[in-house]
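Reader: I am new to reading structures. Please walk me through this one.

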Amino acid sequence: MIDDKELIRKFTSGDEKAFDQIVQNNLNNVFGFFMKITRDEMAAEDLTQDVFLKLYKNLKNFRYESNFSTYLYRINSNTANSWITRNKWKGMLHLEQIAEEGKYDQNNEFEWTRQELWEEIAKLPKKQRKVVILRVTDGLSYRDISEITGMSEGTAKVNFHHGLKRLKEKLNND
Amino acid sequence: MTSFEDKILASVKIRAEGINASSFISNLRAKQVYESNRKKRIRSGFSAFAFIFLISIITFNQLENFDNYNSYVPFAYDESEVYFEILGDELNESSINDNDLTLFYMEESNDYDLEILFYMDDYLDVFDKNGETL
């Protein structure tokens, strides 16, 4: 399999097929990321499309010194963040209703529902929300999170713990 | 805290089925075309609006100055001089006699009254009979 950076080089020199290969290499990761957040295949696919459209537009600005996965996570994180913010104000985080019963909804053993969890995540301050999303959805290390978000490792850790503390208070008190 | 974190991680986990790459890529291409067409439409709409706006401004400006365009301002002359020459003023007599004055009025008026023309024709005949000319 050709390396993503090599594919980017090909794409920036005019090879459109190279972009399709980049999509194929990263599609399941991006789709999985959004599935964890949205629990809705249609919404996850739409967001995945948005990510690859942004990637298509901005790939020529890619700096080869950073990891492509980090770059892609940054786009994922920003897209997820805007989706959550947009839907928070629209009041459309009906995750439980969207999820098909038995397929994705296997959290009956927890004190909270997924809808409650994501509604509380949506209420977190932006920095905390970003860190929590990246940590919770893909279990990224603080080092990776710091690279993606541009904050220091310590700040990422502090933001995550503050976010988690707030979630614990909200979800356990309900 | 750790157990709570583990709980959250566990609650978020799903077994997502993969997505068909080829159909996704074709959908992505379609969306790209749609987006680029949308951008083109917005751009051409904006250009059309700018063009109409420009034309409106020019038309409005022309309408506002309509009287000026139609008053032959560039060819205007000092009428007081002419009227002084023809009519004179309180102190000075005009150098033009009545006949000249009548002709002057006729030339100045755009619509010639047929009756006046007949009258003037007779009038000129009389002058001719007397051996005088205008």
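Author: What follows is a short exchange about terms and values.

Author: This is a predicted model, where local features need pLDDT of at least 70, side-chain atom pairs count only at pLDDT 80 or more, and totals for chains, interfaces and linings use all residues. Residues are numbered from 1 along each chain as its sequence is written, chains are lettered from A and ligands numbered from 1 in the order in which they are written, and side-chain values use heavy atoms, without hydrogens and water.

Reader: Why do the buried residues of H8(A) line one face of the helix?

Author: Buried means under 20% relative accessible area (exposed is over 50%, partly exposed in between; 1.4 Å probe, protein chains only). In helix H8 of chain A, residues 142–149, Tyr142(A), Ile145(A), Ser146(A) and Ile148(A) are buried. Directions are taken from the helix axis to the C-beta atoms. The buried residues fall within an arc of 165°, so they line one face.

Reader: How much of chain B is buried?

Author: Of its 134 residues, 16% pass that buried cut-off.

Reader: Where is confidence lowest in chain B, and where highest?

Author: pLDDT is the predictor's confidence in each residue, from 0 to 100. Helix H4(B), residues 79–87, is lowest with a mean of 60, and helix H2(B), residues 21–64, is highest at 92. Where pLDDT is low, predicted coordinates should not be read in detail.

Notes:
Helix = DSSP H or I, 4+ residues; strand = E, 2+ residues; numbered from the N terminus.
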